[in-house]
Amino acid sequence: VCTWLCVHQTRWNYPIGIVTTFAYSILFWQFELYALSIFNMYLVFSLAYGYWRWGSDIDTRPVTRITPWSYLSYGVLALAIYGLLYIINTAFGNDMDWLDVVLAVGSGVAQFMLDNKKLENWAVWILVDIASIWLYFQTGLFIVAFQYVFFLLNAFYGYYEWNKSYQKENEPDNFEESLKEIV
């Protein structure tokens with residue numbers, strides 16, 4: 001429900017996301033995926049930020065694209081998340097699987113992009129979903145792996161819908177502007 005609401009750009013995805021993310025944090029802890037468990041608690045706070053950032057459904061933020069300069073800031077965010085995961089891993093004294101790191105960093109960056117309504121968030125979610133399907137299948141969380149198949153399909157749908165929204169927001173308002181773009 002949460003990801004479907006994201007696709008349809010209603011911020012009610014955030015309260016539902018907070019509840020489900022908290023539940024996943026407990027599940028991951030039980031399966032000794034400590035970094036993902038604690039990172040999901042971080043996502044709870046990120047979801048609260050997203051709820052505020054999107055604004056009301058009546059006057060929501062428009063879908064935008066990432067500027068070339070923004071890639072650097074998302075790279076810095078990825079490094080910060082990696083640093084947080086390194087600290088968590090050190091505190092628990094166990095080796096963090098490389099795939100846990102990829103999923104957590106990718107999820108953190110994708111969530112921040114989604115919170116700011118960047119079209120490219122869906123491409124990152126697609127990569128995270130593919131890796132998640134494999135991880136959860138390998139760890140015996142078959143229902144979670146199946147759920148990520150749904151998330152993957154929804155991410156493709158999300159990209160399609162948000163791209164339509166982006167195109168609509170950025171189409172020229174009149175014939176003269178259209179002609180200028182062609183010429």
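Q: Which handedness does the crossing of α5 and α6 have?

A: The crossing of α5 and α6 is left-handed. Note that this is a predicted model.

Q: What describes two packed helices?

A: Two numbers: the angle between their axes and the distance between the axes. For α5 and α6, the axes come within 9 Å and cross at roughly 150 degrees. Angles over 145 degrees count as roughly antiparallel. α5 and α6 are therefore roughly antiparallel to each other.

Q: Which residues make the contact of α5 and α6?

A: From α5, they include Leu99, Leu103, Ala110, Met113 and Leu114. From α6, they include Asn121, Trp122, Trp125, Val128 and Leu135. By class, this contact has 12 nonpolar, five polar and one charged residues.

Q: Is Asn121 buried or exposed?

A: Take the relative accessible area; under 20% means buried. Asn121 has 0%, so Asn121 is buried. Asn121 sits in helix α6. Setting aside neighbours within four places in sequence, Asn121 contacts Ala110, Met113, Leu114 and Trp162.

Q: At what angle do the axes of α3 and α5 cross?

A: Helix α3 covers residues 34–54 and helix α5 covers residues 98–115. Their axes come within 9 Å and cross at roughly 10 degrees. Angles under 35 degrees count as roughly parallel. α3 and α5 are therefore roughly parallel to each other. Among the contact residues are Leu36, Phe39, Leu43 and Trp54 of α3, with Leu103, Ala104, Phe112 and Asp115 of α5. By class, the contact of α3 with α5 has 10 nonpolar, five polar and three charged residues.

Q: Is Met41 buried or partly exposed?

A: Met41 has 29% relative accessibility, so Met41 counts as partly exposed. Met41 is in helix α3. Not counting residues up to four places away in sequence, Met41 touches Phe22 and Ser25. The C-alpha atoms of Met41 and Ile26 are separated by 9.4 Å, with the two residues 15 apart along the chain.

Q: Which residues of α7 are buried?

A: Start with the helical repeat. An α-helix has 3.6 residues a turn, so residues three or four places apart point the same way. In α7, the buried residues include Val144, Tyr148, Phe151, Leu152, Ala155, Gly158, Trp162 and Tyr166. The buried residues of α7 pack against α1 (2–7), α2 (13–30), α3, α5 and α6 (121–138).

How values were computed
Residues numbered from 1 in each chain as written. Predicted model: local features only at pLDDT ≥ 70, side-chain atom pairs only at ≥ 80, totals over all residues. Heavy atoms only, no water. Axes fitted to C-alpha atoms, helices over the stretch in contact; angles between N-to-C directions. Helix = DSSP H or I, 4+ residues; strand = E, 2+ residues; numbered from the N terminus. Parallel < 35°, antiparallel > 145°, perpendicular 65-115°, else oblique. Contact = heavy atoms within 4.5 Å. Nonpolar A, V, L, I, M, F, W, Y, C, P; charged D, E, K, R; others polar. Buried < 20%, exposed > 50% of the residue type's maximum accessible area, 1.4 Å probe, protein only. Left-handed = near helix turned anticlockwise from the far one by under 90°.
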